[in-house]
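Visitor: Could you take me through this model and say, for each label that you use, on what grounds it is given?

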Amino acid sequence: MKSNTFFSKLVPKESKFYPILRSMSDNIFVCSGLMLSLVQTEDKEQRKELYRQIKALETKGDAIVGHLFDELNNTFITPFDREDINALGEQLDNVLDSMNSAAKRIVMYQPSVLPPQTVALAEVLQQCCELLLGLVGELNAMKKNPTVVKRICKQLHALENQADDLYEHILIDIFAKETNAIDLIRIKEVVQEIERATDNADSVGKLIKVIVVKYA
Amino acid sequence: MKSNTFFSKLVPKESKFYPILRSMSDNIFVCSGLMLSLVQTEDKEQRKELYRQIKALETKGDAIVGHLFDELNNTFITPFDREDINALGEQLDNVLDSMNSAAKRIVMYQPSVLPPQTVALAEVLQQCCELLLGLVGELNAMKKNPTVVKRICKQLHALENQADDLYEHILIDIFAKETNAIDLIRIKEVVQEIERATDNADSVGKLIKVIVVKYA
Amino acid sequence: MKSNTFFSKLVPKESKFYPILRSMSDNIFVCSGLMLSLVQTEDKEQRKELYRQIKALETKGDAIVGHLFDELNNTFITPFDREDINALGEQLDNVLDSMNSAAKRIVMYQPSVLPPQTVALAEVLQQCCELLLGLVGELNAMKKNPTVVKRICKQLHALENQADDLYEHILIDIFAKETNAIDLIRIKEVVQEIERATDNADSVGKLIKVIVVKYA
């Protein structure tokens, strides 16, 4: 039997969306590791190379979102509302986008040295992305048992608060110490974008909480 | 009869969401008063103390949003779609978040003196938050009579435009007068965040307009 | 027969929403032409006059959004879900808002000269707005044949990437050359807002893709 018949469209192939979303969260997690390496080096060439790799993951992410969208258009029965699955893809993509944007700024602005706490911030971001792995991995069990998903969302929010505090301390420091305004802007914008990535990770959690409420 | 039985979940306890949302808007209104005091003082200790109070209200706000979410999960029949009530809670929380963020920046950056028009801007913000009180207070009558709700949304939008004009004048002023770039950034970021709080208040109005359209 | 009877409300006057949305996209396209002229002049008086015209279009846009909203409230049967049509109006309005905001900043900050690539960026923005014309013009055919709409959305996204690259090069340039921090901020904020307008145009495309998925 041919696989792309009318009937194959009707069969509830719930399972095919989960692997796509998982490949997104895998991609994001790998990217957060590169991000952490990037804030730990001051070498211009290394920075360029790491940005190149991050940019490649971002392009890959775009392709995955496109694939998800095509699948949504070719499937009659989806595990959640089509627009929720699509929104989830877009939201996950935002995490990747903000990491790419942070990396791009490091290469564009070439801050001579980033504040030491930036490493701690990138570590929190990596932990956020690890939670996203877990969160996406739990999606198929979410309707039956939302407890795990809710717990991970709470952890994501706690990490986002932690990132916020780190960001606050970094800013206090640079405004107290930095006397060159352009250097201050360079650092501020990079750190801001890393913090925004943790915000976007938290937004994935918030979106999933809304989906949980919808199917409760 | 025990109150948390299966039947108690079925009973349309519409009323329980309104008090929660009202406690949110009360919290926001109180916060806007502290915000106004904060932009009127240049004393470092007073600034710290006011920020401490604002931060406490923001933490309280987070707890209320969490409570709202739990109630949504424990109630079968809700006055509006679950996701709309949840979105409303999140959107209200954004108003609080941006006030907290403005306050935080005042303490982080310690601008020596804020432009005098900042007080006018904080007053407009307080008026916005007063309108939010009225808006949330009208939610239970919204389905039967959306006129009042629509009028308040229009007023919120008008105030947001007013805030925008004030913000514009403040920026023109500081770009014309300020010669120290770091001081310019300090002021700009604080004022920007207060203006964003009025934007977020207007977004609550926009969201409610969408909910009105949905149930029209 | 009087036209505003109960029955006239029931008749599926799908057609009335399309002209309103088309007048929005016309307005946006005209605005993008003014924007392009604005970044090509350094004359203060011309800048003021062009901003005045852009601001007038933005006010007109607000009125159209208000009109759309009123029609949604007075019509029982709509071609798409009410909230989707409303969201589309809001999203289109965001494109206009960011152009107005970019224009305002040029007049507020009066950067002595904008980087030459800013013209290329404003040209890309104009192309985005031309695509929006086409996109809105295809809405009524979207349910039967989503192919054209999907293709335009893809083109919008490609243009947004192009705008992103231009923005990146402009920033690299100003951070490498500009030594006056306040001038750097002036330029950066203007360019940023033009780039945000292309982002917002792309967001219209993303929203329409979600609507397509919903009715697929």
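Guide: Let me begin with a definition: helices (H or I, at least four residues) and strands (E, at least two) are DSSP runs, numbered from the N terminus. By that convention Ser203(A) is found in helix H7 of chain A, which covers residues 181-215. This is a predicted model, in which local features need pLDDT of at least 70, side-chain atom pairs count only at pLDDT 80 or more, and totals for chains, interfaces and linings use all residues. Residues are numbered from 1 along each chain as its sequence is written, chains are lettered from A and ligands numbered from 1 in the order in which they are written, and side-chain values use heavy atoms, with hydrogens and water left out.

Visitor: Why is Ser203(A) called partly exposed?

Guide: Buried means under 20% relative accessible area and exposed over 50%, with partly exposed in between (1.4 Å probe, protein chains only). Ser203(A) has a relative accessible area of 24%, and is therefore partly exposed. The C-alpha atoms of Ser203(A) and Leu156(A) are separated by 9.1 Å, although these residues are 47 apart along the chain.

Visitor: What makes the relation between chain C and chain A that of a three-fold axis?

Guide: Copies are superposed by least squares on the C-alpha atoms of residues with pLDDT of at least 70 in both. A rotation of 120 degrees, with 0.0 Å of shift along its axis, superposes chain C on chain A with an RMSD of 0.0 Å. That is the relation of a three-fold axis, which is why the name applies. Of the residues of chain C, Ala181(C) comes closest to this rotation axis, its C-alpha lying at 3.5 Å.

Visitor: Which residues supply the area that chain C buries against chain A, and how is such an area defined?

Guide: Buried area is the accessible area (1.4 Å probe) that two parts lose on being put together, summed over both. Chain C and chain A bury about 1,900 Å² between them, 62% of it on carbon and sulfur atoms. Glu168(C), Phe175(C) and Val213(C) supply 33% of the area that chain C buries against chain A, more than any other three residues. Counting contact as heavy atoms within 4.5 Å, the interface takes 22 residues from chain C and 18 residues from chain A.

Visitor: How do you know that Lys104(A) and Glu168(C) form a salt bridge?

Guide: A salt bridge is a side-chain nitrogen of Lys or Arg within 4 Å of a carboxyl oxygen of Asp or Glu. The closest N and O atoms of Lys104(A) and Glu168(C) are 3.5 Å apart, and the pair is counted as a salt bridge. Between chain C and chain A the count is four salt bridges. On the side of chain C that touches chain A, helix H6 (147-177) and helix H7 (181-215) of chain C each supply at least two residues, and H7(C) gives the most, with ten residues.

Visitor: What does chain C bring to its contact with chain B?

Guide: That contact takes 18 residues from chain C and 22 residues from chain B. In chain C, Phe69(C), Met108(C) and Ile182(C) lose the most area to chain B, together 29% of what that side buries. Lys104(C) forms a salt bridge with Glu168(B), the closest N and O atoms being 3.5 Å apart, and the count between chain C and chain B is four salt bridges.
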